[in-house]
Each structure stands twice: as structure tokens, then as C-alpha cells.
Amino acid sequence: MSIFGSSHFGLPRLKPLSSKRAHVVSVLDIGSTKVVCMIGRLTPRAESEILPGRTHNVEVIGIGHQKSRGVKNGVITDLDAAESVVRLAVDAAERMAGLTIESLIVNVSAGRLQSDVYTATIDLGGQEVDANDLRKVLAVAGQQSLRQDRAILHSLPTGFSLDGERGIRDPLSMFGDVLGVDMHVLTAERASLKNLELCINRAHLSVEGMVATPYASGLSALVDDEVELGCACIDMGGGTTTISVFAEGKLVHSDAVSLGGHHVTTDLARGLSTRIEDAERLKVVHGSALPNASDDRDIVTVPPIGDDDRDQPTHVPRALLSRIVRARIEETIELIRDRIQRSGFSPIVGKRIVLTGGASQLTGLPEVARRILARNVRIGRPLGVSGLPTAAKGPAFSTAVGLMIYPQVAELEEHAVQGGMLSQLTGGNGRIARMGQWLKESF
């Protein structure tokens, strides 16, 4: 299904996974630094105390990654360049897995991600809550979120209420007069999503589903206690830093800022007058977000920016390099702190922050984050997935692994369509489905 194929721009939605058979899932993480394609085999698993939310075991059978081109701050800026990189990454994954893929689950970082909470209530008249009542209240909440200029990526009921009593997880078969629901809806601009899909379609692939980057990162990097108690996952990528807040097992808030590791590299290239590639190497090898007593004594060699043999490399104290890095890192983390405070979810986050993404590997970053955010900070790596090569077990691959986990939780979402019905609960939005629903309600 294409977002071009409908006059209402309905996004493609994943079908629930069968609990009885294995599935092959292919995902694509399009970032500002790299493009990663993973192919995995999902096999049903028995209930376990370890990662109890997971319904399937994930085994990665193919992986391919390429340096990103044609993408800036999560936005497609050059379709031809981005298409060629996608083709190369997918081809490498297909060769390793020994199979050909036709559709992908893809991540979304662009489109000015926006989180909103919609509340809806319906009158029960003192009767028992049945599936039809749940469908009605979810439909009312879903209708409030529909907008022409934005597309709904995720729509999650975060909690129900009965007669004003909040915090009810499943009101089915309970009695009350008024049933209410709080619905967290995460949206993105349609134009960005259409460009993203166009890039993938040009590589002769179709989009199976779209997942917000912060949601995918949280699914792979957080443990169950963090998701249940309340925690923020901060994914620091090359061009974008995304924030996701989880509580009571659900995603309750997301945000994104257009700052990332590439901005640190650019600052170094400008400040030290060197090439981007050399600045990246200096950042990785010598960069630190923490001041060190030996920084003034340690001398770093900076290659010249030109190709002229007469240009000599310059020598600068490592303290200068660290000051440039530290300024941008502190700015980014302070912006994240302010966004969390402004969202109103700061009490839910509590003292728990998980950093993930490629830029989170910078030396001294967790210590600076602890100081500025005044919270416990740990580095999050992909959890509960087998078959990953050693090079792909770090925080930089959290989003790609999260996309692989997402099909297991996709059924938690309720998506309104423009006709006003909830597709998951009605079994479709065609004329026959609507007529059947009308017959049920009327007789």
C-alpha cells in the first residue's frame, strides 16, 4: 500500500504477526550518517520473564550498511544519491541472507515529529463495557487527531478511565456510566513521508510500514522495568537527536531536535580548518566531552584542508579540540533537558535516562549528561536479538534493531481512517465492513 495510492494519504500498516509460524522481516534505517538494511527471521517464542513483551525471537540473517548520501538531518535532500545508497545496502543484506526482499519497514526522523494526547469520552448508561464501546471511544479520539497536512505514524491508547477513575488498562466487562480514553498520537508532515517513500519506490521496493525513530530506538534499548516505571530514551544520531518517553509499557511522548554528531564534526572542521573526514577522525580518536588535566600538554596533529604538498599540518593542544566538542555537546543536552521539562513528562521520566545512537559513543558523554540532566544515565545497546555481527552490537544500530522488534508490538496501536472507523477493530474500512458494523449497532 502506498501513501500515493489513496486520496486520504493513508499510511501503510503492518498486519499482526502469527503466533504459530515464522516470519521474515526486512527493515531499513535511513540516517544522516549511514543507511542500514537488516533482514531477520522472527520465530514464535514461549512466554518468558526475560523481555516478556516480546512474542517472537529475532535472528538477523542479513545486514548491509553504507555511508549515507543525499540525507541531511533525517530529510531526503538528493533523491538520486539516497536511492543509490539504499540499493547498495539492500543488495548487501540480500546477498548475506540469500533471499530477495520486496518490501521494508522504514524509520522516520524527519517531518517535524509531533506528539499530542487526545481525550475522548462516551456515555455507557451504567452498562457493562463491551468491545463495541471500546471501538466507539477509540474512534472518537482517533477522529480528533486527523489533519490534512500531517500523517499519523503511531496512535496508542495510554490509559482508560471509568467515571473519572483513571489508570485503567483494560476496561472490558467493567461497569460504569462514562468511559474515557487518553490517546497518544505521533504525527509527521506528509511531504517528508512521501519523499521518503518515493526514494524507496525508486529502488523498486515498497514500504510495508513507517516507524518513528525514537519509538524504534526505545523498543531495542530499554529493558522492561524502564518501560514500565517511566524512562526517556535519547537517540543521538548524526543529524538528529530524538527523544522518546515510555511509561506503563507504552510510548507516551516523542520529540526531535536537529542536532547530532555531525554538527560536532562540522564545528571541528571549521574551528581547526580541516576536512570533514579528518575532523571526524579527530573527533573519534581524540574528542572528549570531559576536560582532562593532560589536555594542555597533549598535542594533536591536524591535517591541512588543501591537497597542496606544501601545506604543512598544524599542531594544536587537545584542550582546544575538547573545548569545541564540549560546547556543542552541552548545547545539545541542555536543549534535550529543556524539551523534556517543557513536555510535562519530566516527573514520569524520573531519574532514568538511556542514551543510544552513534553519537552517544563519544568519550565522556554519559558523565556530561548526568551533570546537565541531573539523572542516572546509561548507554543503551540493542537487546534480545541474535545473529548480529560484533560491529553491529553497539548503540549506532539501536534504531535498525528496534524496527525489527516493532512488528511484535504493532497490534497495540489503533489507527483511525478518514471514514471514521478503526481499521483494526472493524476488520477493514470498505463498504461491506461498514454495512456489517451498522447492522451490529442497529439490531
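1. Arg-328 and Glu-331 lie three residues apart in helix H8 (residues 318-343), so about one helical turn separates them; helices here (H or I, at least four residues) and strands (E, at least two) are DSSP runs, numbered from the N terminus. Their side chains meet in a salt bridge, with 3.1 Å from N to O, where the term stands for a side-chain nitrogen of Lys or Arg within 4 Å of a carboxyl oxygen of Asp or Glu. Arg-328 counts as buried at 18% relative accessibility, whereas Glu-331, at 38%, counts as partly exposed; buried means under 20% relative accessible area, exposed over 50%, and partly exposed in between (1.4 Å probe, protein chains only). Elsewhere, salt bridges that share partners join Asp-80, Glu-83, Arg-87 and Arg-202 into one network.

2. The model is a predicted one, in which local features need pLDDT of at least 70 and side-chain atom pairs count only at pLDDT 80 or more, while totals for chains, interfaces and linings use all residues. Residues are numbered from 1 along each chain as its sequence is written, and side-chain values use heavy atoms, with hydrogens and water left out.

3. As to the overall fold, the secondary structure of the protein comes to 13 helices and 19 strands. The radius of gyration is 23 Å, close to the 22 Å that the globule rule gives for 443 residues, so the protein is as compact as a globular protein of that length; the radius is taken over C-alpha atoms, and the rule is 2.2 Å times the number of residues to the power 0.38. Along its principal axes the C-alpha trace spans about 90 × 45 × 40 Å.

4. Buried residues make up 53% of the 443 residues. Of the contacts with a separation of 6 or more, 69% are accounted for by residues 24 or more positions apart, contact meaning heavy atoms within 4.5 Å.

5. On charge, the protein carries 48 positive and 51 negative side chains, and the centres of the two sets lie 3 Å apart. Lys and Arg count as positive and Asp and Glu as negative, with His and the chain ends not counted, and the place of a charge is taken as NZ of Lys, CZ of Arg, CG of Asp or CD of Glu.

6. The salt-bridge count comes to 19. Among them is the pair Glu-226 and Arg-378, whose closest N and O atoms are 2.9 Å apart; this pair links distant parts of the chain, with Glu-226 in helix H5 (residues 224-229) and Arg-378 in strand S18 (residues 376-379), 152 residues apart. Glu-226 counts as buried at 12% relative accessibility, and Arg-378 as partly exposed at 30%.

7. Arg-275 and Asp-278 also meet through their side chains in a salt bridge, at 3.1 Å from N to O. Arg-275 is partly exposed, with a relative accessible area of 36%, while Asp-278 counts as buried at 11%.

8. Two loop residues deserve a look. Ser-145, in the loop between helix H2 (131-144) and strand S8 (150-162), counts as buried at 4% relative accessibility and, leaving out residues up to four places away in sequence, touches Tyr-118, Ile-152 and Val-185. Arg-381, in the loop between S18 and strand S19 (385-386), counts as partly exposed at 44%.
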